[in-house]
Amino acid sequence: MHLAYPAVLAALLFSVGLYGVLARRNAILVLMSVELMLNAVNLNLVAFDVWLRDTLHAGQALTLFVIAVAAAEIGIGLAIVLMVYRNRGSSDVDRLRDTAETGQGSDGPDHGNDASADHEEKAEATT
């Protein structure tokens, strides 16, 4: 078996997945692109395992672990995306950048005096 064929296919799959992670805005498409990248790694593991004629089949065993981790990752990732969609109404990655909730006294950017007063109170409490 020629090693070049699966290696080139894995490189193409990984490149498509990398493009999807970098260019897409939808969180579900980003998760699908990560899965493409993991499948490219799995293809390389199995191809090199067959090419090296490993008696323990370590590449195939590692592939099973990667598949299990990928299944857990996609389950948790989809749960997070669904919760964000329910709370925010969009799964757009650009809109999800500020996921931190705002505090009670921070209405705008000019809350520096309150922050310095809180810092002084914490400093006094620790001494």
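Apart from neighbours within four places in sequence, V46 touches Q60 and T63. V46 belongs to helix α2, and T63 is one of the buried residues of α3. The model is a predicted one. The chain holds 4 helices and 0 strands, in the order α-α-α-α along the sequence.

**The chain as a whole**

- The chain has 127 residues, of which 20% count as buried.
- Taking the contacts between residues at least 6 apart in sequence, 54% join residues at least 24 apart.

**Helix α3**

- Helix α3 covers residues 58-88, which is 31 residues.
- At 1.5 Å a residue the helix should span 45 Å, and its end C-alpha atoms lie 44 Å apart, so the two values agree.
- The buried residues in α3 include G59, T63, V66, A70, G77 and V81.
- Helix α2 is among the elements that cover these buried residues.
- I67 is also in helix α3, but its relative accessibility of 45% makes I67 partly exposed.
- Just after α3 comes G89, which has a positive phi of about 85°.

**How α2 and α3 pack**

- Two packed helices are described by the angle between their axes and the distance between the axes.
- For α2 and α3, the axes come within 9 Å and cross at roughly 175°.
- An angle over 145 degrees counts as roughly antiparallel, and α2 is therefore roughly antiparallel to α3.
- The residues of this contact of α2 with α3 comprise 16 nonpolar, 5 polar and 3 charged.

- V46 and Q60 are 14 residues apart in sequence, and their C-alpha atoms are 5.5 Å apart in space.
- With a relative accessible area of 30%, V46 is partly exposed.
- I67 and N39 are 28 residues apart along the chain, with their C-alpha atoms separated by 8.3 Å.

- A search of the whole structure finds 1 aromatic pair.
- The pair is made by F48 and W51, whose ring centres are 6.1 Å apart and whose planes stand at 85°, so the arrangement is edge-to-face.
- Planes over 60 degrees apart count as edge-to-face.
- F48 and W51 both lie in helix α2, which runs over residues 27-52, and because they are 3 residues apart they are separated by about one helical turn.
- F48 is partly exposed, at a relative accessible area of 36%.
- W51 is likewise partly exposed, at 45% relative accessibility.

- S91 sits in the loop between α3 and α4, the latter being residues 112-126.
- The relative accessible area of S91 is 16%, and S91 is therefore buried, since buried means under 20%.
- Leaving out neighbours within four places in sequence, S91 is in contact with R25, N26, A27, V81, Y85 and L96.
- One of these partners, V81, is itself among the buried residues of α3.

Notes:
Residues numbered from 1 in each chain as written. Predicted model: local features only at pLDDT ≥ 70, side-chain atom pairs only at ≥ 80, totals over all residues. Heavy atoms only, no water. Phe/Tyr/Trp six-rings, centres within 6.5 Å; stacked < 30°, edge-to-face > 60°. Helix = DSSP H or I, 4+ residues; strand = E, 2+ residues; numbered from the N terminus. Buried < 20%, exposed > 50% of the residue type's maximum accessible area, 1.4 Å probe, protein only. Expected span 1.5 Å × (residues − 1). Contact = heavy atoms within 4.5 Å. Axes fitted to C-alpha atoms, helices over the stretch in contact; angles between N-to-C directions. Parallel < 35°, antiparallel > 145°, perpendicular 65-115°, else oblique. Nonpolar A, V, L, I, M, F, W, Y, C, P; charged D, E, K, R; others polar.
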